[in-house]
Amino acid sequence: NFVEPEKDQLYVGWTSPGEWTKYTLDVETEGSYKLGLMFTSNQDGKISFSVNDMDVTGPVSIPSTFVAADSVDFRQWHHWNYLDNIANI
């Protein structure tokens with residue numbers, strides 16, 4: 001079950017095992033938020049999430065979105081999937 005990303009979305013791509021990305025968010029309303037992830041992956045993998053440098057998940061298994069029948073290499077990175085409710089932060 002693949003999903004279609006919204007138009008003009010930004011994404012992080014071509015990562016390698018062990019790499020990380022850090023974002024700073026300005027939360028206007030204190031509360032509990034559900035974390036989801038839209039992704040592509042040419043093989044199964046794992047990902048973890050932290051808030052204020054403390055782990056809140058992980059590692060979470062990321063299933064492959066590779067489609068053997070799609071013979072155009074670059075399109076393997078356009079088979080998007082979505083994992084909902086990975087964590088509450």
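1. Start with Asp-53, which is exposed at a relative accessible area of 63%. Here exposed means over 50% relative accessible area, buried means under 20%, and partly exposed is in between, with a 1.4 Å probe and protein chains only. Before going on, a word on the model: it is predicted, so local features need pLDDT of at least 70 and side-chain atom pairs count only at pLDDT 80 or more, while totals for chains, interfaces and linings use all residues. Residues are numbered from 1 along each chain as its sequence is written, and side-chain values use heavy atoms, with hydrogens and water left out.

2. What does Asp-53 pair with? Its partner is Lys-22, in a salt bridge whose closest N and O atoms are 3.6 Å apart. Lys-22 sits in the segment before strand S1 (34-39) and Asp-53 in the loop between strand S3 (50-51) and strand S4 (54-55), so the bridge ties together parts that are 31 residues apart in sequence. Lys-22 is exposed too, at 57% relative accessibility. For the record, a salt bridge here is a side-chain nitrogen of Lys or Arg within 4 Å of a carboxyl oxygen of Asp or Glu.

3. How many salt bridges turn up in the whole structure? The search finds 2. Besides the Lys-22 pair, there is one between Arg-75 and Asp-70, at 2.9 Å from N to O. The setting is worth a look: Asp-70 is buried at 14% relative accessible area, while Arg-75 is partly exposed at 37%. As background, side chains of opposite charge can pair when their charged atoms come close.

4. On the overall charge, the protein chain has 5 positive and 13 negative side chains, and the centres of the two sets lie 4 Å apart. Lys and Arg count as positive and Asp and Glu as negative, leaving out His and the chain ends; each charge is placed at NZ of Lys, CZ of Arg, CG of Asp or CD of Glu.

5. The protein chain has 0 helices and 6 strands, running β-β-β-β-β-β from the N terminus. These are DSSP runs, numbered from the N terminus: helices are H or I with at least four residues, strands E with at least two. The C-alpha atoms fill a box of roughly 45 × 30 × 20 Å along the principal axes.

6. How much of the chain is buried? Of its 89 residues, 19% are. The chain exposes about 7700 Å², with carbon and sulfur atoms supplying 50% of that; the areas come from the Shrake-Rupley method with a 1.4 Å probe.

7. Thr-65 belongs to the buried group, at 0% relative accessibility. You'll find Thr-65 in the loop between strand S5 (60-62) and strand S6 (81-88). Its side chain reaches the backbone oxygen of His-79 at 3.2 Å. Leaving aside residues up to four places away in sequence, Thr-65 touches Phe-2, Phe-39, Thr-40, Ser-41, Gln-76, His-79 and Asn-81, where contact means heavy atoms within 4.5 Å. Across the chain, 58% of contacts between residues at least 6 apart in sequence join residues at least 24 apart.

8. Last, some backbone spots to check. Which peptide bond is cis? That from Gly-58 to Pro-59, with omega near -10°; Pro-59 lies in the loop between S4 and S5. Asp-8 has a positive phi near 65° despite not being glycine, and Trp-14 has one near 55°. Asp-8 counts as exposed at 67% relative accessibility, and Trp-14 counts as exposed at 64%.

Terms used:
Polar contact = N/O pair within 3.5 Å; in protein donor to acceptor, adjacent residues only side chain to side chain.
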